[in-house]
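Here is a short tour of a two-chain model, written for someone who likes cut-offs stated openly. Please keep the viewer open as you read.

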Amino acid sequence: MRLERDNRRGGSLLLALLLCGLLTALHARSGRTGHADLVSGLLRDRGLVPAQVAAAHLGEWWHGHIGSLLAGPGLARRNADLQAQVLVLTAQNKELFSQKAENLRLRGLLGFEQRSPRSLLAAEVIALKPSTLSDTLTLNRGSTSGVHPHSIVLAPNGALVGQVLDVAPGSCDVLLLTDALSSVGALVHNHTASGPFGLCQGDGQGRLRVIYLASDAHLHPGDAVTTSGLGGVFPKDVPLGAVNKITLDKARSLQTAILRPSADFNHLEEVFVLQDAAPVGG
Amino acid sequence: MTPVRHFLVVALLLWLAAVGQGRLAQAMSIGIAQPDLPLVVLSCGAVLVGWIGGTWLGFWAGLLTAISFPSAYGSLFFSRIAAGTFAGVIGRSLTRNNLLVPLLVTLISTLIAEFLTALTAPSYAVHHLRHWGLQLGGKLIYNSLLALPVSLLLRVLRVGVVEEDTFGNRL
């Protein structure tokens, strides 16, 4: 009896480990193309994503109906602030429209081709940083919506959020810029003709830094930092953040700039996916 | 309830925990301490369902965790099977009615799962050793504290409560 029981236990553990190995191998094989394997994709799309979308909607409802009641006194003040902000933005918008019209007219005069803006796909964040092991988020859009591995993801304010890591038909995982494995070519706009180039990296602790900046580059707190467009993966001039602190490594004659990120990585609810970025390495 | 029903109840709770992990873990984090809800449910549930149930609950928890984090798929999968099996095995040797049991089992299961993950996917832990250590410490405390309400919930759901087995045929 005891032997039989031990055999059953050992057999169960062995079977579970074998299945684990098999699924991991399947996942690794599919991972080379950046697509989720069949089991993971199906389980995520049919099992987790619908529940996470429902949970997200429930959270929104709670925030809108119950949370707003609790936030009562602060709402009037926030409303007044937003109204003032709308006025300022409306004025800026009008100015930008006139500048855009002028830009189009001048481009026409100079014979430049029209640069068609990349189409954006709105996506909902259904899981944010589910593991402390890495900074990732899950979106409710997948390969059926045109998302592919290495698609670029932007915050509602246009700041870079990261790039798509893994795609299932109805969902995808995004590696955030703040992850320790993320890096992107960066350009610091320090009010000179051509600002210094560097490499923007996440540190896995929610911060961004630009490394490999020349020691003679004049950097100031508040300087805007955008993507450099070098390397061809990320488009140029996407905001990354603003310089917050500068450190100098005298031994290597290099500067490092600690950034204040443009995107609020801890409170992302909706994002945009750049649709027509060509897949890299896939 | 039959053992299969116990297993299914914990498996359902694991699925809810995996959904909650994506929606709530970030909001629940205190400093760098972030709970691992599926791991807490796994530890508390596996103690009550025994060795074989614990192994398969670990398999289910591993799959749910791994699909949310594809970069360390195999490591997370394997570590959860190990944690579930450990909790299932140790559950037989302990007095399940003691409230300290789920707390201690969760603490050790978390330690096992995190060390196995770090061992099989070492890139983050090696490069950010101090931060990883702090996160691990925070997670150990957070998970252990969450084990109390989770084990109470499992008790309310009567998971692990079995009819008296006079002839000792229970697995």
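B:Leu16 sits in helix α1 of chain B, which covers residues 3–28; helices here are DSSP runs of H or I with at least four residues, strands are runs of E with at least two, and both are numbered from the N terminus. With a relative accessible area of 45%, B:Leu16 is partly exposed. On this scale buried means under 20% relative accessible area, exposed means over 50%, and partly exposed lies in between, using a 1.4 Å probe and protein chains only. The C-alpha atoms of B:Leu16 and B:Val41 are 9.7 Å apart, while 25 residues separate the two along the chain.

A word on conventions: this is a predicted model, in which local features need pLDDT of at least 70 and side-chain atom pairs count only at pLDDT 80 or more, whereas totals for chains, interfaces and linings use all residues. Residues are numbered from 1 along each chain as its sequence is written, chains are lettered from A and ligands numbered from 1 in the order in which they are written, and side-chain values use heavy atoms, leaving out hydrogens and water.

**Where the chains meet**

The size of an interface is often given as the accessible area lost when the parts come together. Chain A and chain B bury about 3900 Å² between them, and carbon and sulfur atoms give 67% of that; buried area is the accessible area (1.4 Å probe) that two parts lose on being put together, summed over both. A:Arg9, A:Thr132 and A:Leu133 supply 19% of the area that chain A buries against chain B, more than any other three residues. The contact involves 44 residues from chain A and 38 residues from chain B, where contact means heavy atoms within 4.5 Å.

One salt bridge crosses the interface of chain A and chain B: the side chains of B:Arg23 and A:Glu269 meet at 4.0 Å, N to O. A salt bridge here is a side-chain nitrogen of Lys or Arg within 4 Å of a carboxyl oxygen of Asp or Glu. On the chain A side, α1, α2, β1 (120–128) and β4 (160–168) each supply at least two residues that touch chain B. The largest share, 13 residues, comes from α1(A).

**Salt bridges within the chains**

The whole structure holds eight salt bridges over all chains.

| Salt bridge | Closest N to O |
|---|---|
| A:Asp203 and A:Arg207 | 3.1 Å |

B:Lys139 is buried at 6% relative accessibility, and B:Glu114 is buried at 9%. Salt bridges that share partners join B:Asp36, B:Arg80, B:Glu114 and B:Lys139 into one network.

In chain A, A:Asp203 is buried with a relative accessible area of 11%, whereas A:Arg207 is partly exposed at 45%.
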